[in-house]
Amino acid sequence: MYRVKEAFYTLQGEGAQAGRAAVFCRFSKCNLWTGREKDRAGAVCNFCDTDFIGTDGQNGGRFDTPEALAAHIRKLWPDAPGRPYVVCTGGEPLLQLDEPLIEAFHKEGFEIGVETNGTLPAPEGIDWLCVSPKADAPVVINTCDELKLVYPQPLAMPERFQHVQASHYFLSPMASPAMPEQGADPVKQSSTRKATEYCLAHPQWRLTLQMHKILGID
Ligand SMILES: C[S@@+](CC[C@H](N)C(=O)[O-])C[C@H]1O[C@@H](n2cnc3c(N)ncnc32)[C@H](O)[C@@H]1O
Ligand SMILES: Nc1nc2[nH]cc(C(=O)O)c2c(=O)[nH]1
Ligand code: SF4
Ligand SMILES: [Mg+2]
């Protein structure tokens, strides 16, 4: 059984694939926070900007088989040229994404992106793996396509992750979770100025902004 909070068609807003159309498949549940506000202060990851509890969001639900979920996601892709792209996120998608589901997405013609906190092993067959480490949670994935670190995190400063092999190293300024998704302006956040300064001093790292929040989409 796969549990999906919501699924929607939008532009990838972050990282090296920013600007690319994708169906986002947001899995329910995370291993670093319950998702309840009363537990936020004590959670390993305490700045999450996302509601991932339950299956009650747009196009959310419970799916008994990998084929049923892949077909559901495929219906959200437009009938137009261009390779279908699904981004598996959450919550923590690696609590649920397994090889049968990867195979089912590939059979539907999808290229598969994953957004993970890096604390769980990744199944084979993912086409684009984005690892975003959180606080002092141990990262068990050593190779990925992009490392996208939310900055600043006192327990997860960039120096700690230089051993992780990645094609791209991004800093993503921490947005205030209290700020509504719509209307949040990353340009005005102090974290954006700090991330900018870090990238200027350490050119291995590139700045990425949450484009979907600037645009007011999703
Ligand atoms: C909601 S998480 C879900 C995927 C996975 N659990 C993870 O943490 O990577 C999706 C992306 O949003 C980022 N994110 C979450 N809260 C954020 C915040 N307050 N500011 C900036 N990025 C944030 C995460 O770092 C991650 O790259
Ligand atoms: N447009 C858009 N791009 C995103 N990239 C990563 C996101 C996520 O929450 O995983 C996200 C999201 O929630 N919306
Ligand atoms: S950002 Fe990712 S790891 Fe952190 S609570 Fe949200 S879903 Fe979990
Ligand atoms: Mg998001």
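Trainee: How much space lies in the largest pocket?

Mentor: This is a predicted model, where local features need pLDDT of at least 70, side-chain atom pairs count only at pLDDT 80 or more, and totals for chains, interfaces and linings use all residues; side-chain values use heavy atoms, without hydrogens and water. Residues are numbered from 1 along each chain as its sequence is written, while chains are lettered from A and ligands numbered from 1 in the order in which they are written. A pocket is an open set of points on a 1 Å grid over the protein atoms alone, where a 1.4 Å probe fits, with protein on both sides within 12 Å along at least five of seven lines. Taking volume as the space filled by probe spheres set on the points, which are joined across faces, edges and corners, the largest pocket has about 860 Å³.

Trainee: Which element gives the largest share of the lining of the largest pocket?

Mentor: The lining (residues with an atom within 4 Å of a grid point) numbers 40 residues, and E14, R26, D49, T50 and T89 lie nearest the centre of the pocket. Elements are DSSP runs numbered from the N terminus, helices being H or I of at least four residues and strands E of at least two. Among the elements that supply at least two lining residues are β2, β5 (111-116) and α4 (211-215). The largest share, four residues, is that of β1.

Trainee: How much of the accessible area of ligand 2 does the protein cover?

Mentor: Ligand 2 sits in the largest pocket (more than half of its atoms lie within 2 Å of the grid points). Its polar contacts (pairs of N or O atoms within 3.5 Å) include a side-chain atom of R26, 2.9 Å from an oxygen atom of the ligand, and a side-chain atom of D218, 2.6 Å from a nitrogen atom. Of the 320 Å² of accessible area (Shrake-Rupley method, 1.4 Å probe) that ligand 2 has on its own, the protein covers 92%.

Trainee: Which residues come nearest to ligand 1?

Mentor: Ligand 1 takes up space that is the largest pocket. A nitrogen atom of ligand 1 is 2.7 Å from a polar backbone atom of F47, and a backbone N or O atom of A175 lies 2.8 Å from a nitrogen atom of the ligand. Of the 20 residues around ligand 1 (a heavy atom within 4 Å), the nearest are F47, G91, S132, K134 and A175.

Notes:
A polar contact is a pair of N or O atoms within 3.5 Å; within protein, one must be able to donate a hydrogen and the other to accept it, and residues adjacent in sequence count only if both atoms are side-chain atoms.
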